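Try each task before reading its solution.

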Amino acid sequence: MSSYQDDNSIPLVDDDPSGLEPDISPDEQEEKARLIAQVLELQNTLDDLSQRVDSVKEENLKLRSENQVLGQYIENLMSASSVFQSTSPKTKKNKQWRQFEA
């Protein structure tokens with residue numbers, strides 16, 4: 001009977017009081033323990049990376065929203081400013097022709 005801490009934990013050979021794996025040499029036991037520790041470390045790293053990806057996604061969404069607001073604000077400023085208005089007669093004619101076409 002092996003003892004488990006939770007559903008995701010892997011029992012170590014030392015946790016096996018019934019001796020179900022008596023054929024494993026001490027070197028193999030050590031290698032198995034090392035591999036298990038490495039797997040657990042990689043799982044923790046993956047969890048950390050997943051959390052980081054989630055936080056970066058949230059930040060990205062916030063920045064996109066802010067960029068849209070700033071873009072609209074700049075567009076409104078430009079349309080309200082005479083500096084960005086076209087003063088060429090050719091453009092005014094094009095606007096008049098467009099009115100007649102519509």
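**Exercise 1.** Does Asp-27 count as buried or exposed, and why?

*Solution.* Keep in mind that the model is predicted. Step one: find the residue. Asp-27 lies in helix 1, which covers residues 26-80. Step two: take its relative accessibility, 62%. Step three: apply the cut-off. Exposed means over 50%, so Asp-27 counts as exposed. Step four: look at the surroundings. Asp-27 gathers with Asp-23, Glu-28 and Glu-30 in a surface patch of negative charge.

**Exercise 2.** Classify Ile-74 and name the patch residues that go with it.

*Solution.* Step one: Ile-74 is also found in helix 1. Step two: its relative accessible area is 46%.

**Exercise 3.** Compare the UniProt annotation of residues 32-66 with the model.

*Solution.* Step one: read the record. An unreviewed UniProt entry lists residues 32-66 as "coiled-coil region". Step two: check the secondary structure. The span is 100% helix and 0% strand. Step three: take its ends. Their C-alpha atoms lie 51 Å apart.

**Exercise 4.** Describe the protein chain as a whole.

*Solution.* Step one: count the elements. There are two helices and zero strands. Step two: check burial. Of the 102 residues, 5% are buried. Step three: take the surface. The chain exposes about 9,500 Å², with 54% supplied by carbon and sulfur atoms.

Conventions:
Residues are numbered from 1 along each chain as its sequence is written. This is a predicted model: local features need pLDDT of at least 70, side-chain atom pairs count only at pLDDT 80 or more; totals for chains, interfaces and linings use all residues. Side-chain values use heavy atoms; hydrogens and water are left out. Patches are made of residues with over 30% relative accessible area and no salt bridge: like charges are joined within 9 Å, nonpolar side chains (Val, Leu, Ile, Met, Phe, Trp, Tyr) within 5 Å. Accessible areas come from the Shrake-Rupley method with a 1.4 Å probe; for residues, only the protein chains shown count as cover. A salt bridge is a side-chain nitrogen of Lys or Arg within 4 Å of a carboxyl oxygen of Asp or Glu. Lys and Arg count as positive and Asp and Glu as negative; His and the chain ends are not counted. The place of a charge is taken as NZ of Lys, CZ of Arg, CG of Asp or CD of Glu. Helices (H or I, at least four residues) and strands (E, at least two) are DSSP runs, numbered from the N terminus. Buried means under 20% relative accessible area, exposed over 50%, partly exposed in between (1.4 Å probe, protein chains only). UniProt positions are given in the numbering used here, feature names are shortened, and annotations may be inferred rather than shown by experiment.
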